[in-house]
Structures are given as structure tokens and as C-alpha cells.
Amino acid sequence: MPYRKFRADYLFTGIDLLNSNSVLVTDEKGKVEDIINVDDAGEDIEILTGLLCPGFINAHCHIELSHLKNKIAENIGLTEFVYRVVTERHYPAEDIENAIKLALEEMAQNGIVAVGDICNNELTIVSKNEAQLRFYNFIEVSGWNPSVAQERFEKSKAIYDKYIQNNKKASMVPHAPYSVSYPLWEKITPFFSHKVVTIHNHETKDENKFFSEGTGDLLRMYEMMNIDNSFYSFPGISSIQSYFKKIDNASSVILVHNTFIKQDDLDYIFKAKPASQLVSFCLCPNANIYIENTLPPVLMLLDNRVNIVIGTDSLASNHQLDILEELKTISKNFPAVTTIMMLEWATLNGAKALQMENILGSFDKGKQPGIVLIENLEGYKLKSDSKAKRLL
């Protein structure tokens with residue numbers, strides 16, 4: 001069997017950083033055979049400049065919104081952003097599908113090997129069949145007024161069934177705590193069992209205001225969208241407390257954005273979650289800057305030793321689908337966060353969150369995690385002009 005041998009200035013395994021004495025050995029398709037010392041590697045070694053690492057995991061993306069690139073203004077706040085997405089996302093199917101194909105190509109070129117993708121329709125299925133990427137498809141469910149619960153459930157269930165029929169990993173997931181009514185929660189919770197469930201969490205400061213006080217800008221969002229909110233009585237608790245126990249039976253939970261999450265929220269999660277459940281916190285910093293011009297409390301999350309993962313969100317809220325650009329934004333704004341920490345977030349942590357760690361996320365023998373070369377580094381540290389490209 002022919003082998004490929006890769007040697008670079010640094011080799012990140014998914015956990016550890018090794019120096020240039022280490023050689024990664026794979027078969028021709030990238031399945032890991034071993035990591036060996038250069039003295040034992042023989043000839044035909046591919047010598048590379050930079051850092052080798054497993055392929056990146058994009059834990060949160062909306063590929064179906066790729067046609068909205070540069071269509072929505074920056075820094076308009078979540079309420080206005082959501083309204084614009086809902087009211088302006090309807091383009092001809094051909095335009096949407098062409099944008100989807102380009103987005104998938106962009107992610108593959110940028111070193112992404114797997115995507116946790118939010119789906120509100122079936123438009124990504126054909127392109128995903130052709131892409132060199134793995135997917136966990138999150139069929140997004142929303143409907144705030146209880147009167148539409150059955151209709152919204154049936155619509156989302158039909159989309160979910162379509163993905164399952166096409167042999168796709170999929171789960172039905174709530175959009176956000178402020179967009180899923182109690183009756184709709186009851187209809188979708190049976191579908192969480194042993195699945196990965198994701199939800200937009202603490203993306204705006206008004207989320208907590210709404211649940212704890214019944215005030216804030218979310219009320220304006222309901223009004224703008226002509227959603228009757230008269231039925232609702234605010235529970236007087238934080239957003240996370242209003243829904244977290246509803247996802248008890250999920251094996252893995254990905255809380256996305258967390259831009260305004262507090263220590264009290266983390267303390268609640270640690271106490272409330274089942275012992276066997278993996279809870280991951282997905283950072284999409286460039287989208288947070290694009291929408292609200294703010295960043296999540298990265299150092300607080302780091303101090304609490306949570307499972308941090310990385311996402312790009314959509315081209316409606318980002319200028320590119322590039323995990324390395326997300327890491328550079330974190331590095332620029334939080335210098336205490338090391339490159340090695342971030343690479344683990346973007347590889348092994350993401351693979352665990354999407355239940356793909358048996359094949360992705362690290363250079364363990366037998367895995368086929370993809371191979372990415374990061375170039376233009378300062379030692380092994382990221383710079384503003386660092387670039388990533390996928391080798392296998």
C-alpha cells in the first residue's frame with residue numbers, strides 16, 4: 001500500500017503540538033497510519049513550511065443563506081438582522097443553489113472538513129451529496145405563537161424526513177428560546193434522544209430582558225413580524241433557565257454565539273445538565289461583530305473549562321466561511337488565548353460536539369480527519385496574514 005509522509009515545522013495532533021522531527025504517515029486517501037520520528041521515516045517525505053493540523057470543524061453554519069452575502073448591513077443589531085433575513089431570504093432557487101455550491105467549495109478550500117449546518121429547507125441536499133465535506137444537518141424549528149405549533153412541526157418534520165431518506169445525519173432543533181412556543185417544544189423534544197441538538201443562545205442582551213422582565217427589543221421584533229405575543233407571560237427567569245431542561249435527552253448540545261452569557265448561566269448549566277451530556281459553546285466571533293459589534297466572554301468560558309467549538313455562522317452575517325479567520329479574530333481580541341488552545345477548539349472539540357470524533361478531529365491511527373497546512377506563522381502563532389489550505 002502506498003503511503004504519504006508529511007513533515008512540517010510543527011504538527012498539531014488535535015491535542016499536542018509536535019516539532020519538525022515528527023512525520024505524519026497516511027495512506028493515499030488521508031487515513032492516518034502513524035506519527036513517527038523523521039529518522040525512521042525513510043524517503044519520499046513531503047517537506048512543508050508551516051503547521052500541519054487535522055481538518056477544521058465548522059460547528060455552526062447556515063449554508064442555505066449563502067446568497068445573502070453582502071446583502072445585509074453590518075452592526076444593525078439582532079432584531080433588525082433577524083427581520084431582514086426572514087423577509088429578504090427569498091430568491092430564485094437557482095441563485096440559492098449556485099451560492100450554496102460556491103460556499104461549500106470555499107469551506108473545503110479553507111480547510112473545513114465537517115459542518116454543523118442549519119437547514120430550513122431541502123435546497124442543500126444535492127450540493128452536499130457532491131461536496132467533499134461531512135455534515136450534521138440541524139433541521140431548524142421555529143414558531144412562537146402556539147396556534148401555529150402543529151403546522152410548523154409538520155413542515156419541519158417533512159424536511160427532517162427528507163434528509164434522513166437521503167442518508168444524512170440530522171436532528172430537529174429549536175431555533176432560539178424566543179422563537180419556539182411551549183407546545184412546539186413538546187412536539188420536538190422526543191426527537192432529541194441520542195442526537196446532537198443546537199440552539200442560538202444569548203445572542204443579544206435583550207434575550208434575558210424578555211424572559212426575566214418581559215421587556216426589551218424582542219418585543220419590537222414580534223411587532224415587526226406581526227407575531228401576536230399577547231398569549232405570553234414572561235417566566236421571570238433567565239433565558240437559559242427557560243429551556244435548558246427541555247433538552248435533557250440530547251447526547252450533545254451546542255449552544256451557539258453565547259455573546260451575552262454570564263457566569264450565573266454557566267453555573268446553572270453545570271448543575272442542570274445530565275452527567276453524560278456534552279455541552280459545547282460555539283463561538284462565531286466575526287458574526288457577532290457583524291451583527292452586534294461585540295464579542296462573547298471568551299476568557300470566562302476558558303476559565304470554566306467548557307468544551308469550546310468554532311463556527312462561521314452564515315454569509316449573511318460574515319464576509320467569509322473560514323475557521324482560521326475566526327481564530328485570528330479571537331487571537332487579536334484575546335491575546336491570552338493560545339494558538340494551540342484554539343486549534344483544539346477548531347478540530348477535536350468540534351468533532352466531539354458533532355459526534356464525529358471516531359473519524360475526525362485528530363491524527364489518531366485509523367482516523368481520516370483531513371490534513372490542513374497553516375502557512376505564514378510567527379513560530380507556531382497566528383498572524384493577520386496566516387492562511388490555511390487543505391492538503392487531503
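Colleague: Which residue of β5 does T26 stand opposite?

Modeller: Bear in mind that this is a predicted model. Strand β4 covers residues 22-27 and pairs with β5 in the antiparallel sense, over 5 bridges. Across from T26, the residue in β5 is V32.

Colleague: And which strands stand at the edges of that sheet?

Modeller: It's an open sheet of 4 strands with mixed pairing, in the order β5-β4-β1-β6. From one strand to the next, the twist averages 25°. Two of the strands have a single partner each, so one side of each lacks a neighbour in the sheet: these are β5 (32-37) and β6 (45-47).

Colleague: Over to α12. How many of its 11 residues are buried?

Modeller: Buried here means under 20% relative accessible area. In α12 that holds for I323, L324, E325, E326, L327, K328, T329 and I330. The helix runs over residues 323-333 and is largely enclosed by the rest of the structure, because the buried count is 8.

Colleague: What sits at the start of α12, within 3.0 Å of the backbone nitrogen of L324?

Modeller: The atom that reaches there belongs to a side chain. It's an oxygen of D322.

Colleague: At roughly what angle do the axes of α12 and α13 cross?

Modeller: On the α12 side the contact is made by I323, L327, I330 and S331, and on the α13 side by M342, L343, W345 and A346. Those residues divide into 7 nonpolar, 1 polar and no charged. The crossing is right-handed. The axes come within 10 Å, and the angle is roughly 145°.

How values were computed
Residues numbered from 1 in each chain as written. Predicted model: local features only at pLDDT ≥ 70, side-chain atom pairs only at ≥ 80, totals over all residues. Heavy atoms only, no water. Buried < 20%, exposed > 50% of the residue type's maximum accessible area, 1.4 Å probe, protein only. Polar contact = N/O pair within 3.5 Å; in protein donor to acceptor, adjacent residues only side chain to side chain. Pairing = 2+ DSSP bridges. Axes fitted to C-alpha atoms, helices over the stretch in contact; angles between N-to-C directions. Left-handed = near helix turned anticlockwise from the far one by under 90°. Contact = heavy atoms within 4.5 Å. Nonpolar A, V, L, I, M, F, W, Y, C, P; charged D, E, K, R; others polar.
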